[in-house]
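Good morning, and thank you for making time for this item. I would ask you to look at the sequence and the model on the screen before I go through them.

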Amino acid sequence: MSDDTKSCPVCAETIKVAAIKCRFCSTDLVALAASQESQAESVLFIGHPSVIHSAWQWLAVACTLGIAFVYYWIQSLATQYEITTQRVRIENGILSKSKESVELFRIDHFDVLKPLGMRLLGQCVLQLRSTDTNFSTVVVFGIPDLEKMADTLRECSLRERTRRRVTTLVQA
Ligand SMILES: [Zn+2]
């Protein structure tokens, strides 16, 4: 194989490096590269939810002279989020951990809720729902710029669905 040729990623025939379409299997190499690029997973957020994410919690902290804060702090430490352009992972518990992982393409609804207590602090809850009945609703909160992230996740979900359709067409 010389410098200006490569093998087609689909049919493995030798083609020009600059080719945008394989002359053997007619694969659109530009679309293929784009779909592979969108397949790459990148991390949007890793960490714990904020300790205080609702005004009612401040009220509880005040009423218990700060004891509630310790409770909320432990609660926050016990939850770990890992949100990427492909999936949402939630780890719960300090001693015994439970893990939840959902792939974005399976989610149909990205609902942003703003109960009063959260609205007062500029916070919100993100509910991830699916029409699939086996899928239980996943709730994410206490993350900075969550509303903006909801839009990003929605786009990632749509892109992932499109990509899956494109990949299925290429394989078919
Ligand atoms: Zn080919």
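Domain bounds, as I use them here, come from an automatic or database domain assignment. On that basis the protein chain is divided into domain 1, residues 5-38, and domain 2, residues 41-171. The C-alpha centres of domain 1 and domain 2 lie 38 Å apart.

Two remarks on conventions. This is a predicted model, in which local features need pLDDT of at least 70 and side-chain atom pairs count only at pLDDT 80 or more, while totals for chains, interfaces and linings use all residues. Residues are numbered from 1 along each chain as its sequence is written, and side-chain values use heavy atoms, with hydrogens and water left out.

I begin with the metal site. Donors are N, O and S atoms within 2.8 Å of the metal, or 3.2 Å for Na, K and Ca; water is not among the atoms, so sites may look incomplete. Which residues coordinate the zinc ion? They are Cys8, Cys11, Cys22 and Cys25, each through SG, at 2.2 to 2.4 Å. Along the chain these donors follow the spacing C-x2-C-x10-C-x2-C. Four donors count as tetrahedral if all angles lie between 85 and 135 degrees; four count as square planar and six as octahedral if opposite donors are over 155 degrees apart and all others between 65 and 115, and anything else is irregular. The site of the zinc ion is tetrahedral, with angles of 106 to 114° among its 4 donor atoms. For reference, ideal angles at a metal are 109.5 degrees for four tetrahedral donors.

For accessibility, buried means under 20% relative accessible area, exposed over 50%, and partly exposed in between, with a 1.4 Å probe and protein chains only. Cys8 counts as buried because its relative accessibility is 3%, whereas Cys11, at 30%, counts as partly exposed.

Next, the backbone. Most residues other than glycine have a negative phi. Ala12 has a positive phi, near 70°, and Ser26 has a positive phi near 60°. To place them, helices (H or I, at least four residues) and strands (E, at least two) are DSSP runs, numbered from the N terminus. Ala12 lies in the loop between β1 (5-7) and β2 (14-16), and it is exposed, at 54% relative accessibility. Ser26 is in the loop between β2 and α1 (29-39), and it is partly exposed, with a relative accessible area of 47%.

I turn now to the strands. Two strands pair if DSSP finds at least two bridges between them. Strand β4, residues 79-84, and strand β5, residues 87-92, run antiparallel and are joined by 5 bridges. Ile83 stands opposite Val88 in β5, and β4 and β5 form a hairpin with 2 residues between them. β5 also pairs with strand β6, residues 98-103, in the antiparallel sense over 6 bridges. Here Arg87 has Glu103 in β6 as its bridge partner. The hairpin of β5 and β6 has 5 residues between the strands, and in it Gly93 takes a positive phi near 100°.

Contact means heavy atoms within 4.5 Å. Thr85 is buried, with a relative accessible area of 10%. Leu44 is found in strand β3, residues 43-47, and is partly exposed, at 31%. Leaving aside neighbours within four places in sequence, the contacts of Leu44 include Ile83, Met149 and Leu153. Leu44 and Glu82 are 38 residues apart in sequence and 7.8 Å apart in space, C-alpha to C-alpha.

Ser157, in helix α5, residues 146-171, is buried at 3% relative accessibility. Not counting residues up to four places away in sequence, Ser157 touches Leu104, Phe105, Ile107 and Phe110.

Finally, the aromatic rings. Rings of Phe, Tyr and Trp (its six-membered ring) pair if their centres lie within 6.5 Å; planes under 30 degrees apart count as stacked, over 60 as edge-to-face and the rest as tilted. By this rule there are 2 aromatic pairs. Trp58 and Phe69 form a stacked pair, at 6.4 Å centre to centre and with 20° between the planes. This pair links distant parts of the chain, 11 residues apart, with Trp58 in helix α2 (residues 55-63) and Phe69 in helix α3 (residues 67-77). Trp58 is partly exposed at 44%, and Phe69 is partly exposed at 32%.
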